Amino acid sequence: MADTFRVALSGDFRKVDGSLTFPDFDLTPLRQAPGVEVEFIEAANPLRAEQLEDFDALILLIHRFAPESVPKSGRLGVVARFGVGYDTVDVDACTKAGIALVITPDGVRRPVAVSIITLMLALTGKLMVKDKITRQGPDGFNTRVDYMGVGLVGRTLGSLGIGNIGAEMFRMAKPFDMKFIACDPYADKEVAKELGIELVSLEDLFKRADVLSISVPLSPETHHIVNAERIGLMKPTAYLINTARGPIVDQKALTKALQEKRIAGAGLDVLEKEPPDADDSILKLDNVILAPHALCWTDQCFAGNGAADVKAVLEVQHGRVPRGVVNRPVLDSEIWKKRLEENRKRFGD
Ligand SMILES: NC(=O)c1ccc[n+]([C@@H]2O[C@H](COP(=O)([O-])OP(=O)(O)OC[C@H]3O[C@@H](n4cnc5c(N)ncnc54)[C@H](O)[C@@H]3O)[C@@H](O)[C@H]2O)c1
């Protein structure tokens, strides 16, 4: 049995020049951990099985982990995604191979919630257009009366999804004195109660929200859940914010609604196609604020995700179940239990 616990970092953690993509991801605790070896693997998308044969753990950025990425050696025991979205990982393939898939909810919760609040304040405060007219000198400045913002007190903030990020958004929005509504069929009712969130139907969410934010995972159930029909239910004064995943929103339908000014505006950190084509019509609209799937990217977000992944990997090394396991059934599988037992013997509790 190998006496080192080998950890692979997906190739996209390094830039083409070899420097770290995210220097705030501190690898020191991993590199200094007794018995651990760390190696960057070559960039490949999806990852190839032969790249991972000799590793116990993989820390994964954006590259896909597909069924053909599962190494045959049976050594790989944990895939730690850097972030909480895992639509790039084939969960069934992991479970079948006894590999735990781990995400980092603690790292992204606050940074993404801050992104939602940022977009809400920028949209309702008409920040982008006010910046633009100010730069135009006196002619622009004098048009400021045409760009009245929208106050938030008593207005309704809605969320599709009140998990890790959705709930944090409401926590952060408390001082704005808004009404809170959410639709989440799997919601923790205690959390909703604690935060003063009224749980409503999908239809009511779209009808009642003045600011509607999306915080659900992308799944067959949520793909295009924001479609023409539901956008049609929104108030003409309402704003839509999506920081979750692009394909949750039917972008063609949203673009049309924004072009026809059927809603007041949108704030999108994510798009159906990333990066978008240069001639994508959504890029031409001035009632949308866009970000390149990076509004939550801060030093603290990357440090937090990295620390959570390192912790998870070291837990597995020592034979303990890490936090943030997505495919919980794997924890009952014989292959996983045997692996943890072996790790415990190899590296102690
Ligand atoms: N923009 C970014 O950089 C960024 C960063 C992190 C996460 N995200 C995205 O944000 C999403 C949410 O993250 P999270 O940590 O809050 O996840 P989470 O799993 O904690 O919460 C998701 C919530 O959505 C609910 N949900 C699932 N299906 C639903 C449906 N059909 N209708 C209504 N609610 C439904 C779940 O019950 C859960 O409460 C992630 O899946 C990820 O795609 C984006």
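On terms: helices (H or I, at least four residues) and strands (E, at least two) are DSSP runs, numbered from the N terminus, and two strands pair if DSSP finds at least two bridges between them. Axes are lines fitted to C-alpha atoms, for helices over the stretch in contact, and angles run from 0 to 180 degrees between N-to-C directions.

This is a predicted model, with local features needing pLDDT of at least 70 and side-chain atom pairs counting only at pLDDT 80 or more, while totals for chains, interfaces and linings use all residues. Residues are numbered from 1 along each chain as its sequence is written, and side-chain values use heavy atoms, with hydrogens and water left out.

**Around strand E4**

Let's zoom in on E4. Strand E3 (residues 57-60) pairs with E4 in the parallel sense over four bridges, and Ile59 has Ala80 as its bridge partner in E4. Strand E4 (residues 78-81) is also joined to E5 by three bridges, again running parallel, with Val78 standing opposite Ala100 in E5. In a regular strand the side chains alternate between the two faces of the sheet. For E4, both faces are covered: Val78 and Ala80 on one side, and Val79 and Arg81 on the other, are all buried. Buried means under 20% relative accessible area, exposed means over 50%, and partly exposed is in between (1.4 Å probe, protein chains only).

How does the chain get from E4 to E5? It crosses through helix H3 (residues 91-96), making a β-α-β crossover that is right-handed. The handedness rule: with the strands pointing away from the viewer, the path from the first strand over the helix to the second runs clockwise.

**The seven-stranded sheet**

There's also an open sheet of seven strands, ordered E8-E7-E6-E9-E10-E11-E12 with parallel pairing. Strand E8 (197-199) and strand E12 (288-290) are the edge strands, each pairing on one side only. Here the twist averages 20 degrees from one strand to the next. Strand E6 (residues 156-160) and strand E9 (residues 211-214) run parallel and are joined by four bridges, with Leu160 opposite Ile214 in E9.

Helix H7 (residues 164-173) touches E6, strand E7 (179-183), E8 and E9, and its direction makes about 165 degrees with that of E6. Helix H11 (residues 251-259) touches strand E10 (239-242), strand E11 (265-268) and E12, at about 140 degrees to the direction of E11.

**Aromatic pairs**

The whole structure has ten aromatic pairs. Rings of Phe, Tyr and Trp (its six-membered ring) pair if their centres lie within 6.5 Å; planes under 30 degrees apart count as stacked, over 60 as edge-to-face and the rest as tilted. Phe170 and Phe180 make a tilted pair, 4.8 Å centre to centre with 45 degrees between the planes. That pair links distant parts of the chain, with Phe170 in helix H7 and Phe180 in strand E7, ten residues apart. Phe170 is buried at 0% relative accessible area, and Phe180 is buried at 7%. Elsewhere, Phe13, Phe22, Phe25, Phe82, Trp297 and Phe302 form one aromatic cluster.

**Salt bridges**

How many salt bridges turn up in a search of the whole structure? The search finds 21, each a side-chain nitrogen of Lys or Arg within 4 Å of a carboxyl oxygen of Asp or Glu. Here are some of them.

| Salt bridge | Closest N to O |
|---|---|
| Asp131 and Arg135 | 2.6 Å |
| Arg320 and Glu315 | 3.2 Å |

Asp131 and Arg135 are four residues apart in helix H5 (residues 127-135), so about one helical turn separates them. Asp131 is partly exposed at 37% relative accessibility, whereas Arg135 is exposed at 66%. Glu341 and Arg344 are three residues apart in helix H13 (residues 334-347), so they too are separated by about one helical turn. Glu341 is partly exposed at 33%, and Arg344 is partly exposed at 30%. Arg320 is partly exposed, with a relative accessible area of 34%. Finally, Arg6, Glu37 and Glu39 are linked in a network of salt bridges.

Methods:
Contact means heavy atoms within 4.5 Å.
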